[in-house]
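Hi,

Here is the structure I promised to pass on. Have a look at it first, and then read my notes below.

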Amino acid sequence: MPQAVNIHPERYLKALFMACQRKARDLSAARSSGIQVSFHKRNVGSLLEFSVGLLPELVGKLPLSTCKGIVAHLELPTANREIYNNESPSILSSAWLAAQGPRKILIGATKEWGSFNTSCDVSIEEASLALKELLPKISTVYPAVKNWMVLGTRAGLRAMPPRTSLGALPLIGCIDNLVLESMQKDKLFGKRNTYSSQKVIPRYWFVGGLGSRGLIYHGLLGKLIAKAVASGNQDVLPSELTSWMLSC
């Protein structure tokens, strides 16, 4: 892929957060714009928090499926001089390979659909099965992987969107109807509603279902949702990314 680059996710996300903070501060400082921007950060320990804690209005309403994946960390033994060249690309195939330097790579990921196991720990049996699945896939595009030593494995849980004729596309759009429906049910069953009926109900927007492509999609989706929020118009969003709401 021309002009492709490898990035360090943790460093990149920290820098992105700082850039968003700076943008919010600059916008708020521009008094002539009449805009007050607040940027909030909240850590999420697991996807289960989204389903039962942080977003109770959306429980059972989003067409997302959980998928557990296992990733292996590999290192090239010091005796082996065949390093992974800095100019060699990371690989996205039936399995993926992410270079972490000339002597360290990551390979992944397995898929265990429907799992709600949020632990990062991987048992010896799970690790063995994962490597039996991943190494043959990687060896088809990088045969020299057989010379690398496995340092360890880690697991993670992803929220996956439904697969359509166009592929597994992220979910994006205004979810006012879903939130208001939940609020009306709370009122019907006598639950305390924290929203005042005297106030204008704000618009709620959702971006999710990025699966394992968060670093690829997030910039584009951020620009799309920002344009929609600023205009208050969902119609500016691609219909391919909002069609999921027709079935909600």
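What span should the 16 residues of α3 have at 1.5 Å a residue? They should span 22 Å, and the end C-alpha atoms of α3 are 22 Å apart, which agrees. (The expected span of a helix is 1.5 Å times one less than its number of residues.)

Before you go further, note that this is a predicted model, where local features need pLDDT of at least 70, side-chain atom pairs count only at pLDDT 80 or more, and totals for chains, interfaces and linings use all residues. Residues are numbered from 1 along each chain as its sequence is written, and side-chain values use heavy atoms, with hydrogens and water left out.

**The chain**

There are six helices and 10 strands in the chain. (Both are DSSP runs numbered from the N terminus: helices are H or I with at least four residues, strands are E with at least two.) Of the 248 residues, 29% are buried, meaning under 20% relative accessible area with a 1.4 Å probe, protein chains only; exposed is over 50% and partly exposed is in between.

The average pLDDT (the predictor's confidence in each residue, from 0 to 100) is 81, and 79% of the residues score at least 70. Among the elements, α3 has the highest mean, 96, while helix α2 (residues 48-54) has the lowest, 50. Over residues 192-202 the pLDDT is below 50.

**An aromatic pair**

The whole structure has two aromatic pairs. (Rings of Phe, Tyr and Trp, the last by its six-membered ring, pair if their centres lie within 6.5 Å; planes under 30 degrees apart count as stacked, over 60 as edge-to-face and the rest as tilted.) In one of them, Y84 and Y142 have ring centres 5.2 Å apart and planes at 85°, so this pair is edge-to-face. Y84 sits in the loop between β1 (65-75) and β2 (91-92) and Y142 in the loop between α3 (124-139) and β6 (149-160), so the pair ties together parts that are 58 residues apart in sequence. Y84 is buried at 5% relative accessible area, and Y142 is buried too, at 12%.

**Two strands**

From strand β9 (residues 171-174), L171 and G173 point one way and I172 and C174 the other, and all are buried.

Cheers

Terms used. Contact means heavy atoms within 4.5 Å.
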